[in-house]
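Thank you for making the time this morning.

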Amino acid sequence: MAVPLVLLMVVLTGCQAVGGVDVGKAMANGASIKSGESRQSMNINIEPAKEFATEKDLEMIELINSISLDIDQAKMKDAKTASIKGTLSMEGTKLPFHVSMNESQLVIDLDGAQKPLYMSLDTFQDAQALPMVDTKALEKQLEEISPKLFSFVLKHLSNPKNISVTPVQESVNGEALSLSKLHLEVSGEEMLAMVKPFLTSISKDEQGLKDLIGDLYDVFYPVLEAVNEVEGGGDDTLNSIVPESKDEAVASLYAIIKVGLDSMLVNYDQELNNLLNETPEFKTVFGTNTKLKLDFYLDSKLDIRKQNFELKVALPASEDLPVNSVTVSGDSEQWNIGGTVAVDEVDVSGGVMDLMKDDITPGQMLRNFDSNSLAYQLLKDEAGITSKSVVLFPDDEYAGAITVKNTTFVPLRYVSEELDAEVKWTKGSNQIVVIDDITGDEIVLTVGSKKATVAGKEVTMVESAYVGKDGKTYVPLRFMAESLGATVDKEQETGWIYIDRP
């Protein structure tokens, strides 16, 4: 949470000193990746527009407003090694979690889980990597260019009107500290007004812009070469876009950016007024009711030790968006910055659920969690991982429906597997077992018989399952779908059949 806020702070504060405090250096310190420990919390509050909101809208808003995130202990050893322990709360129910990551893996342990969720970062990186790119060297270059980009942005920003620094005494992780409190308030109107001076300043900084383009060229041109090589474009394709010579590339790109900035600034005020008049909703979002309040507490090294924030965004309420505003607020404190940190790794000795495997079904995911846990509720009710829709077309030779004796039949295996069920059939036997992915219940039926069992209870189908001339086993559609927790609806005009599982 801290890094995005620091970057936002940079955009709003610029690099001018306030009360003897070098704001730019403080923000650069906050955005740099260091070892350390912290705790954080965040809340969301949506103000409904009651004149537009339906009862369902109000229920959803109430649900969102009940959500809060509390990170009790975050530990960062380096840029790739960290751990987080915290709690996600919703409607008074808490979901404790523990996350750990290193260079090769990400592991998430949620309360109520039998096994933690696992993701191999090596697999992901290998899938994304280009064979001719040295990824470690690229990462190092990106780390080196980030401060340069940061400094360039800082150089062209100015401070807002409402910003101040005062000495305070604060407690951080139980330790009393003498800190400098950097307070800032800015409205949406002020944010919008700061854009033009920022762009104007950049347009006048020829050398600074060229230096930045050159630094970016050094980092990304080799990547573009690798992409071009993989796609078989050849040198001419790339060089027609970006010259191979660095000097030519810098001159060419600078000219393009300079022309773009200057043309934008010539009619900036008029174009902005036109935009606000044509899209009056922007006047609300970037109006006086949109406000950001930030308190940063800095130590003598200009490291951020505590922070409080509140961002309220006013919205143009309507029937489509029955919301007056959204407010995000939170606080944090940091200690042991730059010190030796030992992360808390998630215990994987009992096995893991590998998220990189494609064959994990919704039922398998749900069965990994206690049905009374918040994680189970979020996955099933909020994320809707069990939701499935299947459409059958009457003319489809592979998966189409067939009507026999006024009963609609469908290929058993196709429909079952589309609903994530497992189909078992012993060769030489007429008995077929279908295992419901969500419930784990078995549906047992016999070709040529109307009798079947669902979860151990005997039922009678309207017609018997049979084997068609194509060798496929066909079963009454409504029986199969409803036994797997789905509903069936048929469009009379087209004959299309819709199977939906909530």
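This is a predicted model: local features need pLDDT of at least 70, side-chain atom pairs count only at pLDDT 80 or more; totals for chains, interfaces and linings use all residues.

Counting rings whose centres lie within 6.5 Å of each other, the search comes to three aromatic pairs. One of them joins Phe393 and Trp496, whose ring centres are 5.1 Å apart and whose planes stand at 90°, an edge-to-face arrangement. Phe393 sits in the loop between strand E13 (388-392) and strand E14 (402-404), while Trp496 sits in the loop between strand E23 (487-490) and strand E24 (497-501), so this pair ties together parts that are 103 residues apart in sequence. As for accessibility, Phe393 counts as partly exposed, at 35% relative accessibility, and Trp496 is likewise classed as partly exposed, at 34%.

If you now turn to Tyr466 and Tyr474, you will find ring centres 5.5 Å apart and planes at 15°, and because planes under 30 degrees apart count as stacked, that is how this pair is described. Is Tyr474 buried or exposed? With a relative accessible area of 4%, Tyr474 is buried, whereas Tyr466, at 25%, is partly exposed. These two tyrosines also belong to an aromatic cluster, which they form together with Phe409.

Next, I would like to point out two places where a lysine meets a tyrosine ring. Lys210 lies over the face of Tyr254, at a distance of 5.1 Å from the ring centre. In the other case, the ring is that of Tyr297, and the charged end of Lys306 sits over it, 5.9 Å from its centre.

Rolling a probe the size of a water molecule over the atoms shows where empty space is left. How many cavities of 30 Å³ or more does a search of the whole structure find? The search finds two, and the largest cavity has a volume of about 50 Å³. Its lining is made up of Thr81, Ala82, Ser100, Met101, Asn102, Gln105, Val343 and Glu345. Strand E3 (81-90) and strand E4 (93-101) are the elements that each give two or more residues to that lining.

Technical notes
Residues are numbered from 1 along each chain as its sequence is written. Side-chain values use heavy atoms; hydrogens and water are left out. Rings of Phe, Tyr and Trp (its six-membered ring) pair if their centres lie within 6.5 Å; planes under 30 degrees apart count as stacked, over 60 as edge-to-face and the rest as tilted. Helices (H or I, at least four residues) and strands (E, at least two) are DSSP runs, numbered from the N terminus. Buried means under 20% relative accessible area, exposed over 50%, partly exposed in between (1.4 Å probe, protein chains only). A charge sits over a ring if NZ of Lys or CZ of Arg is within 6 Å of the ring centre and within 35 degrees of the ring normal. On a 1 Å grid over the protein atoms alone, a cavity is a set of points where a 1.4 Å probe fits but cannot get out, and a pocket is an open set with protein on both sides within 12 Å along at least five of seven lines; lining residues have an atom within 4 Å of a point. Grid points are joined across faces, edges and corners, and a volume is the space filled by probe spheres set on the points.
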